[in-house]
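Hi,

Here is the model I promised to pass on to you. Have a look at it first, and then read on for what I found in it.

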Amino acid sequence: MFDSYNKVQQAVLETTLGLIIEKELQATSMSLIAKKSGISTGSIYHYFASKEDIINELYKAIVTFNGHKVLEGVYTGEPLRTRLERAWRNLIHLSLEYPQGFQFIEQYSFSPYIRDEVKQAAYEGGWCHPLEELYTEAVRQKLMVDMEPKFMVQMHYGSMVYVVKSSLNHYLTINDEVIDRLIASCWNSVRL
């Protein structure tokens, strides 16, 4: 998830992610990050000016990683429905495979800790905006109801989120058949 960073940055980001999921943001201090990562506080400050900078970089890194994973195989010549379903399937599998990244994004997407410009860049550079464009095309082709694509993306994402959370909390068991039915239900909720 943090392959594009050097070893110090990777260690700081991975450690911070684990600590935030385990202890919450307020309980995650720079000294604790240094202790758990094995990176000196001075080295951390060489790459990150503050804990807030680490959190924002963590957010960008996870959103970028998620964007690449969710959009794998989406830009093909296949029918639009096939490509949208693939994106949602990719998202569910990604969320289950990288639960800490999923939990972090869910918890901090609307947090004041994440700067507005970082949120906007993440929206456009992650998977949300590209999916919005696919929904726009589906509306244009009269495959879906005439509704604001941003709303449809968020509505469907919300459905996926609760199923993934239920699975991660061992309330529901997800398999490919369940995923296919969930995605079909989302499509059917907005199709013409």
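Let me start with a cut-off, since the cysteines need it: a disulfide is a pair of cysteine sulfur atoms within 2.5 Å. Please keep in mind that this is a predicted model.

**Cysteines**

How many disulfides does that rule give? The count comes to zero. The sulfur of Cys186 has its closest cysteine sulfur in Cys128, and because the two are 14 Å apart, they are too far for a bond. Cys186 is buried, at 6% relative accessibility. Cys128 is buried as well, with a value of 16%.

**Helix 8**

Cys128 also brings us to helix 8, where it is one of the buried residues. This helix covers residues 128-140, and its 13 residues reach 18 Å from the first C-alpha to the last, close to the 18 Å expected at 1.5 Å a residue. Besides Cys128, the buried residues of helix 8 include Pro130, Leu131, Leu134, Tyr135, Ala138 and Val139, and also Glu132. What do the buried residues of helix 8 pack against? Their partners are helix 5, helix 7 (116-125) and helix 9 (149-168). Just after helix 8, you will find Lys142 with a positive phi of about 60°.

In soluble globular proteins, nonpolar side chains tend to be buried together. In this model, the largest nonpolar core has 63 residues, and those with the most contacts inside it are Ile44, Trp88, Phe104, Trp127 and Met144. Helix 4 (residues 51-70) gives this core its largest share, nine residues.

Thr28 sits in the loop between helix 1 (7-23) and helix 2 (30-37). Is Thr28 buried or exposed? Its relative accessible area is 0%, so Thr28 counts as buried. A polar atom of the Thr28 side chain lies 2.9 Å from the backbone oxygen of Glu24. Beyond its neighbours within four places in sequence, Thr28 is in contact with Leu19, Ile20, Lys23, Ile33 and Lys51.

Ser95 belongs to helix 5. With a relative accessibility of 6%, Ser95 is buried. Which backbone oxygen does the side chain of Ser95 reach? That of Leu91, at 2.8 Å. Setting aside neighbours within four places in sequence, Ser95 is in contact with Phe102, Val164 and Leu168.

**Salt bridges**

Side chains of opposite charge can pair when their charged atoms come close.

- Asp180 and Arg89 meet through their side chains at 2.9 Å, N to O. This pair links distant parts of the chain, with Asp180 in helix 10 (residues 176-190) and Arg89 in helix 5 (residues 80-97), 91 residues apart. Asp180 is partly exposed at 37% relative accessibility, and Arg89 is partly exposed with 26%.
- Arg181 forms a salt bridge with Glu177, and their closest N and O atoms are 2.9 Å apart. Because Arg181 and Glu177 are four residues apart in helix 10, about one helical turn separates them. Arg181 is exposed, with a relative accessible area of 56%, whereas Glu177 is partly exposed at 47%.
- Lys23 and Glu22 pair at 3.8 Å, N to O. Lys23, which is also a contact of Thr28, is partly exposed with a relative accessible area of 34%. Glu22 is exposed, at 58%.
- Glu52, Asp53 and Arg115 are linked in a network of salt bridges.

That is the tour from my side. Do write back once you have had a look.

Best wishes

Key: Residues are numbered from 1 along each chain as its sequence is written. This is a predicted model: local features need pLDDT of at least 70, side-chain atom pairs count only at pLDDT 80 or more; totals for chains, interfaces and linings use all residues. Side-chain values use heavy atoms; hydrogens and water are left out. Helices (H or I, at least four residues) and strands (E, at least two) are DSSP runs, numbered from the N terminus. Buried means under 20% relative accessible area, exposed over 50%, partly exposed in between (1.4 Å probe, protein chains only). A polar contact is a pair of N or O atoms within 3.5 Å; within protein, one must be able to donate a hydrogen and the other to accept it, and residues adjacent in sequence count only if both atoms are side-chain atoms. Contact means heavy atoms within 4.5 Å. A salt bridge is a side-chain nitrogen of Lys or Arg within 4 Å of a carboxyl oxygen of Asp or Glu. The expected span of a helix is 1.5 Å times one less than its number of residues. A nonpolar core is a set of buried Ala, Val, Leu, Ile, Met, Phe, Trp, Tyr and Cys residues joined through side-chain atoms within 4.5 Å.
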